[in-house]
Amino acid sequence: MNKFKIEQDNNRGRKVIATEECRKGQLLFQEESFVSIPLESFLQDNKYCYLCCAPNVSGTIVNTATVADQTTPAPQSTFIQCNYGCSMYFCGSDCANDMTHQLECSFVNKFIQSALDFNCDISMSLLGLRTIIKNKLDEEKYKQTVGNLSVQKDNFIKNNKAIIDRYYQLIDVIIDQLVKENTAENILSIFNREEYTNVICSIMINSFAGISNDFRRLPISNGFFYQAALLNHNCEPNSLFFIQKNVLQMVAVQDVKPGQQLLDCYTDLLTPTLERQKNLIKSKNFVCDCSRCTSPTENDRFFSSIECVFCSFTQGNNSNATDANNTSKYYVSPKVIYNWETQSFSTTWRCNNRSCSGQANSREIMSLVQQVDSFHELLNNKELLTVDSNTIDPYGQFLKQLSKFESGILNKLHPNHYCCLLYNLRLSKVYEYLTSTADSLEYLLWSVSHYKEVSRIVESVIRHPSSEAIDSFYHLGRISEKCLLSLIHQRNAFTDQEMIDRLNVEIKKYLELIATSYQKSSDLATICYGDSNTKSMLLKELSLKSNMNKLSL
Ligand SMILES: C[S@@+](CC[C@H](N)C(=O)[O-])C[C@H]1O[C@@H](n2cnc3c(N)ncnc32)[C@H](O)[C@@H]1O
């Protein structure tokens, strides 16, 4: 981190300050994790390497014993399974035979069992084990990195006693077992109760999630990245990180001047204030007071806002005030207060109209808030969204329930409200699904219009490039491609020239839309991740191809 210095902040521990100007899109630094591990849901399958978290691209595995017997080695893309005792999967013999794994292997199953017994996260428990083992192999590096983290630890333990106690129990049982098994003194000394729980606290405060390198962006791994762990949080960050395998790249997403603090975002930028704050309290133990969190309308993004019943009442009496485009509407948004004693949130709802006095927790506002909560719950109901191929109309129930909310609540939310984003995203997916089952052009067109709305909201909420915006444009391009194919299919079935000409005009429009969507997605990816990143290269290719298609018409 040559271009930065580390300073102390009274409330937030350390912070990272730029000493040189950094331009938007610039790679700020890159680092390999001290240790990393796949998340719990990926541990028992062969999707990611148990040591370096590389994805299993080919999806095939061979047994280590079989590899040894073969005269020709297994192809590079093939995963192998550990047969020393833990049965985890590795991307190759280098990782499977790595010294850290050799030392941890015989303890892995004990930790898994104990984590299950005490309701601890299995991946976190195993990352704790790997960290203390690696400490014995590379003590200097440990001291400089993991050992130098968690200045916020005391605070964290005070507020999360119940969770930490479970890890105390886990390690105590392991130590007991090892004593009963007459384990050698030097091995027993590795499993120090205080050190293990120290590391667990560090993981909770300072570890980073790796995201899958595809458009689903699923969290897949957890790791210690020392430099990145020193960056404090902001809901309008000037840097974003990207992890591939066990390497993290931190990229500037806004210009950073010398003397400015580097800030990244620990939570989903596309969630409203209340959600972000709950998440930060739960996962990182602080209440964020950034400008976005303290602004009554999230700096005019209105991400949590509901129409103010008092203002709409006053405006209703004033014939000039009604405006179909929402421009003259006023909205209430939550101001969040967290009580550390009772560990509970309370919210007061404020109107963005300064002269409005109706800002209290009035019954009307609270009833609207409750409706929004139920709407949100419905939109996130995984059961309703899971397609069961045995059901004749898998989405029928979902669409029926949605229509109840459409009339009741949608028009009371600001069009940039988080629920509107989710609503459009879910609907575009439902229509996309229905298109493939019913082969209907109409569903496709609806799906495209919902994706367009998703892109609009993402763009207006996130004023600088983010991975969500990249994905949103990519999806818009993808769904438009489907639409294009369907239009071509229909055009080819017509003999009437007038119809063919009309469809050709539509086809041209879609070619334009596809090219612009991929172009935007590719530009944003280059800014966010740099142009040598796999995702950026893939999108650039798509963009070039779609531009050529457009020109060839
Ligand atoms: C990943 S660490 C960041 C580095 C940390 N300042 C340090 O000295 O180790 C995360 C911790 O920093 C503190 N922190 C980061 N951003 C903050 C913010 N915006 N407001 C309050 N505390 C923050 C919290 O205690 C959080 O758990």
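The legends below describe close-up views of a predicted model.

Local features need pLDDT of at least 70, side-chain atom pairs count only at pLDDT 80 or more, and totals for chains, interfaces and linings use all residues. Residues are numbered from 1 along each chain as its sequence is written.

**View 1. Domain 1 and domain 2 of the chain.** Domain 1 covers 1–33 + 225–266, and domain 2 covers 35–206; such bounds come from an automatic or database domain assignment. Taken over C-alpha atoms, the centres of domain 1 and domain 2 are 28 Å apart. Domain 1 gives 7 residues to the contact and domain 2 gives 10 residues, where contact means that C-beta atoms, placed from the backbone, lie within 7 Å.

**View 2. The hairpin of β1 and β2.** Strand β1 (residues 4–9) and strand β2 (residues 13–18) run antiparallel and are joined by 6 bridges. Strands are DSSP runs (E, at least two residues), numbered from the N terminus, and two of them pair if DSSP finds at least two bridges between them. D9 has G13 of β2 as its bridge partner.

**View 3. An open sheet of 3 strands.** The order is β3-β12-β11, with antiparallel pairing. β3 (27–32) and β11 (239–244) are at the edges with a single partner strand each, so one side of each has no neighbour in the sheet. Strands of a sheet pair through backbone hydrogen bonds.

**View 4. The pairing of β11 with β12.** β11 and strand β12 (residues 247–252) are antiparallel and share 6 bridges. F242 lies opposite Q249 in β12.

Methods:
Two residues are in contact if their C-beta atoms, placed from the backbone, lie within 7 Å. Helices (H or I, at least four residues) and strands (E, at least two) are DSSP runs, numbered from the N terminus.
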